[in-house]
Amino acid sequence: MKQHILNYTKKELEEFIQPKFRVKQLYGWLYNKKVTDFMQMANLPKELRKNLSEQFEILSSKIVSKQVSVDGSIKYLFQLKDGHTVEAVLLLMKPAQYNEDGTIKHLPKYTVCVSSQVGCKVGCAFCLTAKGGFVRDLTAGEIVEQILQIYIDNQIESNRKVNIVYMGMGEPLDNLDNLAQAIRIFSDVEGLSISPHRQTVSTSGLSSKIDKLAKLDLGVNLAISLHAVDDELREKLMPINKAYNIASIMEAVRRFPVNLRKKVLFEYLIIKDVNDDLTAAKKLVKLLNGIKAKVNLIYFNPYEGSEFKRPSEEDVKKFQKYLLSKGVLCTIRESKGLDISAACGQLREQNLQGAGQ
Ligand code: SAH
Ligand code: SF4
């Protein structure tokens, strides 16, 4: 079976492709020109091109569905080689701006949300991805490929500054080795050159793995899916809290090396009548005391059969106002792509239902 070339760092490829500068050229073809056929890599010797085509494949997944939101975000469903599907979303953070003569003034700003696993072991009560259980980890190449295919599909130049958030399907820290490998491949300056400071790993709070991530010293940003401020409620929403409680997460966060100009992001999913009251906001302020933190409030995005409800805009705004009044940075996540159900796992679910599975 052919190997997936996107699984490898330049350094690893140098071990079996000689001389070294050929790997640099190959990386240029893969990640700058985004050529998906080895035979078209014109400056590589024919023999090498042939060998590479025999041993490796470039793309291993297929885009099987694509939904464009009214706000310009695009949600992709990828089918992996073994038939399983995962999602990635291209979020349009700022649309392109044009001059009067129609020429481009500012290019659009993008963030890409990628998946790290098929399914998830963590089993959060509000999450659609959790409903299907855990299937398998993605390989590093499968993580890298989501971005590469989205770049190709949208003709995004490799020198563009794009952000990556590991907030798609799966728990990234439960697949730490492949995640770290993908982060390294993305950040290679001869590849897509997406600096680790532009990459954010979101976790449900596996404290010991947060420490491991810190030790790897990759320079990525950290996001914690907190969602509740006392252990009792958090255990109900996120069973993982029994193994790693709030205190253990906060300790791991305090140990995490944060880039000087950055903050740790705390995601707080607001669910109507569950965690939307100001007592929770008060506790949150206490919890974050002394931490370089930023809070991102997320509206719970309901799906068919979900037991939870979307909170009112008024309650979310009140929550935000309280945090701001206490000096805690706090944004409300715009429901980008809400019309295409851009929350975790929702496109995949539609597709499975559509396929009658
Ligand atoms: N497993 C990681 C990363 C993927 S989930 C984590 O949990 O952090 C990415 C985010 O989507 C998490 O903050 C999660 O809580 C949120 N999410 C899950 N289901 C959602 C829903 N129905 N509506 C809104 N956000 C949701
Ligand atoms: Fe897994 Fe994140 Fe969904 Fe929880 S919210 S089940 S950790 S993907």
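This is a predicted model: local features need pLDDT of at least 70, side-chain atom pairs count only at pLDDT 80 or more; totals for chains, interfaces and linings use all residues.
Residues are numbered from 1 along each chain as written, chains are lettered from A and ligands numbered from 1 in written order, and side-chain values use heavy atoms, without hydrogens or water.

I checked Cys-113 next; it is buried too, with a relative accessible area of 10%. I then searched for disulfides (cysteine sulfur atoms within 2.5 Å) and got 0.

I turned to ligand 2. Its surroundings include Cys-120, Cys-124, Cys-127, Phe-126 and Glu-171 (near means a heavy atom within 4 Å).

I moved to ligand 1. It has 23 residues around it, and Gly-170, Ser-202, Ser-225, His-227 and Asn-301 come nearest. The side chain of Ser-225 has an N or O atom 2.6 Å from an oxygen of ligand 1. For His-227, a polar side-chain atom lies 2.7 Å from a ligand 1 oxygen. Asn-301 uses a polar backbone atom, 2.9 Å from a nitrogen of ligand 1. Alone, ligand 1 exposes 540 Å², and the protein buries 94% of that (areas by the Shrake-Rupley method, 1.4 Å probe).

I ended with charges over rings (NZ of Lys or CZ of Arg within 6 Å of the ring centre and within 35 degrees of the ring normal). Lys-33 has its charged end over the ring of Trp-29, 4.3 Å from the centre. Lys-121 lies over the face of Phe-134, at 4.6 Å from the ring centre.

Methods
Buried means under 20% relative accessible area, exposed over 50%, partly exposed in between (1.4 Å probe, protein chains only). A polar contact is a pair of N or O atoms within 3.5 Å; within protein, one must be able to donate a hydrogen and the other to accept it, and residues adjacent in sequence count only if both atoms are side-chain atoms.
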